[in-house]
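Here is a short tour of the fold, meant to be read with the viewer open beside it.

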There are 2 protein chains.
Amino acid sequence: MSDNIYETHLEPSPANYTPLSPLSFLARTADVYPHRTAVIHGDRRYNWAEVYERCRRLASALGARGIGEGDTVAVISSNLPAMYEAHFGVPMAGAVLNAINFRLDAATIAFILEHGAAKLFLVDPEFSEVARDALARIDRDIEVIDIVDPYYEAGVRLGALTYEELLDQGTPDAAWSLPRDEWQAIALNYTSGTTGDPKGVVYHHRGAYLNAVSNVLAWNMGAHPTYLWTLPMFHCNGWCFPWTLAAVAGTSVCLREVREEPIFQAIREHRVTHFCGAPIVLNLLINADAKLREGIEHQVHVMTAGAAPPAAIIEGMESLGFDVTHAYGLTETYGPVTLCAWQGDLWDGEPSEVRAALKARQGVRYHMLEGLMVADPETLAPVPRDGITMGEIFMRGNNVMKGYLKNPNTTSKSFEGGWFHSGDLAVWHPDGYVQIKDRSKDIIISGGENISSIEVEDVLYRHPDVLEAAVVAKSDEKWGEVPCAFVTLVEGAEEDPQSIVEHCRENLARFKTPKHILFGPLPKTSTGKIQKFLLRKRAEQA
Amino acid sequence: MSDNIYETHLEPSPANYTPLSPLSFLARTADVYPHRTAVIHGDRRYNWAEVYERCRRLASALGARGIGEGDTVAVISSNLPAMYEAHFGVPMAGAVLNAINFRLDAATIAFILEHGAAKLFLVDPEFSEVARDALARIDRDIEVIDIVDPYYEAGVRLGALTYEELLDQGTPDAAWSLPRDEWQAIALNYTSGTTGDPKGVVYHHRGAYLNAVSNVLAWNMGAHPTYLWTLPMFHCNGWCFPWTLAAVAGTSVCLREVREEPIFQAIREHRVTHFCGAPIVLNLLINADAKLREGIEHQVHVMTAGAAPPAAIIEGMESLGFDVTHAYGLTETYGPVTLCAWQGDLWDGEPSEVRAALKARQGVRYHMLEGLMVADPETLAPVPRDGITMGEIFMRGNNVMKGYLKNPNTTSKSFEGGWFHSGDLAVWHPDGYVQIKDRSKDIIISGGENISSIEVEDVLYRHPDVLEAAVVAKSDEKWGEVPCAFVTLVEGAEEDPQSIVEHCRENLARFKTPKHILFGPLPKTSTGKIQKFLLRKRAEQA
């Protein structure tokens, strides 16, 4: 017995201790709001009682196959009801959900299925061909379930059962249990590393629970948002929003095609209040025909993260009437863990350009992120908050991943010194806001000066003819490196490098102005990130 | 090494695991919103940077006295800045905050100081006399710190130092640390139980964190509410709202006197958006002169809990334009853990009387309460959801207390079967909403305060003329309930209600003194137990 009176006879018991898990939110919401609409897909509607029942069917059908704790269930799917349900049904069986990026090639998908040891594979027919090719590269049999979608005709059948037939095998009121321990894995997400094999990022129930709730706090969501699924659920489990929506009893509007027309149509038809998207999606909406926006009068809230969004994109969205929240995070942090918290009393009066520039910063830590700093990558000494000194972004807290699967060396390296090493380079402003200047490998060093490719891209995006821009280093005899810009123009614009260079000179220090301007489409990764390593090769050849 | 790939080389580390503690919210908000107003008291304003600094001063001054893990710091205070700060500074020192009900008598306060082993006692001069009397009953010395308040002239000094002098001894940037373990105690709150001595309810950091966040979800609070402190912070630590306000960077408006005039004045002057209160406080506002409300045009949100509020009070508040949220909980559950979640789509169209009746129910579980049921007190079999069958309310989850201090038998009894036994009797409606029908058999709730009938009976029995006594609740327009005493006199004694009342006043807090004394034989069961349910009927008719 301890001397401490507060540590004596006061142990956890089933009455006062429950492992934190986002599965609890589904059970509660099904209980409190059984008849509210949970998921919309075309003309289909599932209320919370039905979603809960379908998830229990899924969990029990998995359990009947012997799938449980420590097992992986893979899924490749657009944002369909089955994809939403898998976020609950799979962990309710005790298993781990591995949502695979549908833009990956067959070889990478095969690697993931093998590395993650998937026991079952849910396949949306839109991706049945690449899934089939991936499976053909694997020696063992993996049971495939086809997510047949009444709104998608093409694709081939790979498995014996459809998703609905799988659910039919399950029991609607099957018992299920929370994880024994909140540290147990709930999801596995592979990062698209630019070099080497993808790494499997493991999430646990505790982190998923906390970041799901943190989303509500960061975005002031309130109860019953109507959320449009523009963000793929395979991205950090849709930044934990499947679980957030269960917590706040929101409605998920499914979306197969992330194009401007169906997006605006869904916003209008379902009175969507919230959606998330990478800057590229926002750019799509900004440049869309104004007619598509007609009839949308209500306030729509957008959260953007991913690539550092140019201020011009934030300004563009806000000028269309959208309320933009800028967040930032990585696969390793369950999606967003910083936000550019708006300082209304200080910033509301600024002109829109200044407000957009303030908001383009990655900001401060999420409510439930314990630590955020910009520091020396070697010593971990924080840089001064001067807005100038560059350092690496470090995070710590419960919404940092459990680690990389079967990769102890990389895990311990990325956690060295008790902080997660993001690999992103940033400055720390006097007001405590962090601003990304570059990925560490994307920085350009010219004549001994650091040039942030993002800063140059920000300026390029403000040129009226520019639709997309990317800046990389090109070797230079005199300067070591010089910035080289790749530009895609808006429709109808003419290639005029001189006008672009002049625009840069007006807005940037001379040494930051691109010495080369190249036109044409930009190569992108499966997640829509511009592939700078390819551009660097092209730059060297130019 | 385990076979489970998700349990291998994926252990917690400082990078990805932090104990949950509401102290993290203060550190974050001071970092993100240093200049926002955190606390208002009269003409005084403290911003978040200042509050954080003051809490660090407090923690380091406590630490310098050797106060740390496992130690208790008691406080008796109205809702002043020092009381708010103690909710952070005390646990930042590793210690446990014991906020004492200032309406208690000296003997009970002495019991609490002794049982809780308080090492330091913060005293608001308004309660210096009862504090002095309590200290006089204790053999050991407890250092007293006087919370001198520029807005309160009366009271006597008990200690050598004022609160501000104590802070001056501390260091503004003192290092502090989170608890080693989130299960460590953060607060101690005494309930006036139905039998015998008050019980010390222990809260831990994990539960305080989660219920603080749950408040945001339940009330859809959003960022930066302005919160008026009508609810005493000694009540379940103000239902965890000191910590909630740190999470959402809200402003606390202090309030010494819970009277209609200062309440309406504060709402108008500070544009208060949220406050909490027992039904008696709402009744006060409903019956106040309409002139007091003049100039209040903005939406004010009220959360009420405690005694089951009559529908008439909810309707009255809403007719004045207040938005009422009805919650329910106990000291053992960190304050509210159920709410009458509003089903807008189903209920908005009902007439106001029906809406008020729906809202007068205690409702459904909080987002972070794991389980809530109405069940048989012996078998724990849930009652049918028929709105008729009575049972006891049971809860389970992370926002159920750590247990009763130094009281293992009562703790394990109250957690029997893996559920917390609330002692409250209720029905379960077909829509899943719980409604309390009878408070636990004997407790009397007067003006939001629990009165143990047995404690009053104990005093009555000590009156020389009293042979037998039983105390029950009698409905009262102003107080909700008041104690009503049934007394049988010893032979030869004369009916002298005045003498009995005086005897009670000498030995009990004023609010516990019976408002009605009725003489005569007591109805008993065959085994000699007094039949209180019959007395309650008689009391209502009296």
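This is a predicted model: local features need pLDDT of at least 70, side-chain atom pairs count only at pLDDT 80 or more; totals for chains, interfaces and linings use all residues.

Residues are numbered from 1 along each chain as its sequence is written, and chains are lettered from A and ligands numbered from 1 in the order in which they are written.

**Domains and their contact**

Chain A is assigned domain 1 (46-204), domain 2 (257-439) and domain 3 (444-541), with bounds that come from an automatic or database domain assignment. Between domain 2 and domain 3 of chain A, the C-alpha centres are 22 Å apart. Here 13 residues of domain 2 of chain A are in contact with 13 residues of domain 3 of chain A; contact means that the C-beta atoms of two residues, placed from the backbone, lie within 7 Å. On the side of domain 2 of chain A that touches domain 3 of chain A, α12 (311-319) and β21 (434-439) of chain A are the elements giving two or more residues. Helices (H or I, at least four residues) and strands (E, at least two) are DSSP runs, numbered from the N terminus. That side of domain 2 of chain A has ten nonpolar residues, one polar and two charged. In this count Ala, Val, Leu, Ile, Met, Phe, Trp, Tyr, Cys and Pro are nonpolar, Asp, Glu, Lys and Arg are charged, and the others, Gly among them, are polar.

**Where the chains meet**

The contact between the chains takes 51 residues from chain A and 51 residues from chain B. On the chain A side, the elements that give two or more residues are α1 (23-32), α7 (205-219), β16 (364-365) and α15 (408-414). Of these, α1(A) gives the most, with four residues. The chain A side divides into 27 nonpolar, 16 polar and eight charged residues.

**A nine-stranded sheet**

Chain A has an open sheet of nine strands in the order β2-β1-β11-β10-β12-β13-β14-β15-β16, with mixed pairing. Why is one side of β2 (44-47) and of β16 of chain A left without a neighbour in the sheet? Both stand at the edges with a single partner strand each, so one side of each has no neighbour there. Strands count as paired if DSSP finds at least two bridges between them. Some of the pairings are set out here.

| Strands | Bridges and direction |
|---|---|
| β1 (37-41) and β2, chain A | four bridges, antiparallel |
| β10 (226-228) and β12, chain A | two bridges, parallel |
| β12 and β13 (301-304), chain A | four bridges, parallel |

At residue level, Ile40(A) has Arg45(A) as its bridge partner in β2(A). Tyr227(A) is partnered by His274(A) in β12(A), and Phe275(A) by Val302(A) in β13(A).

In β12 (274-277) of chain A, His274(A) and Cys276(A) point one way, Phe275(A) and Gly277(A) point the other way, and all are buried. Buried means that 20 or more other C-beta atoms, placed from the backbone, lie within 10 Å of the residue's own. In a regular strand the side chains alternate between the two faces of the sheet.

**Two positive phi angles**

Most residues other than glycine have a negative phi. Ala249(A), however, has a positive phi of about 50 degrees. Ala249(A) is in the loop between α9 (241-247) and β11 (251-253) of chain A, and counts as buried, with 21 C-beta neighbours inside 10 Å. Tyr334(A) has a positive phi of about 60 degrees. Tyr334(A) lies in the loop between β14 (323-330) and β15 (335-339) of chain A, and its 32 C-beta neighbours inside 10 Å make Tyr334(A) buried.

Technical notes: A residue is buried if 20 or more other C-beta atoms lie within 10 Å of its own, exposed if 12 or fewer, and partly exposed in between; C-beta atoms are placed from the backbone.
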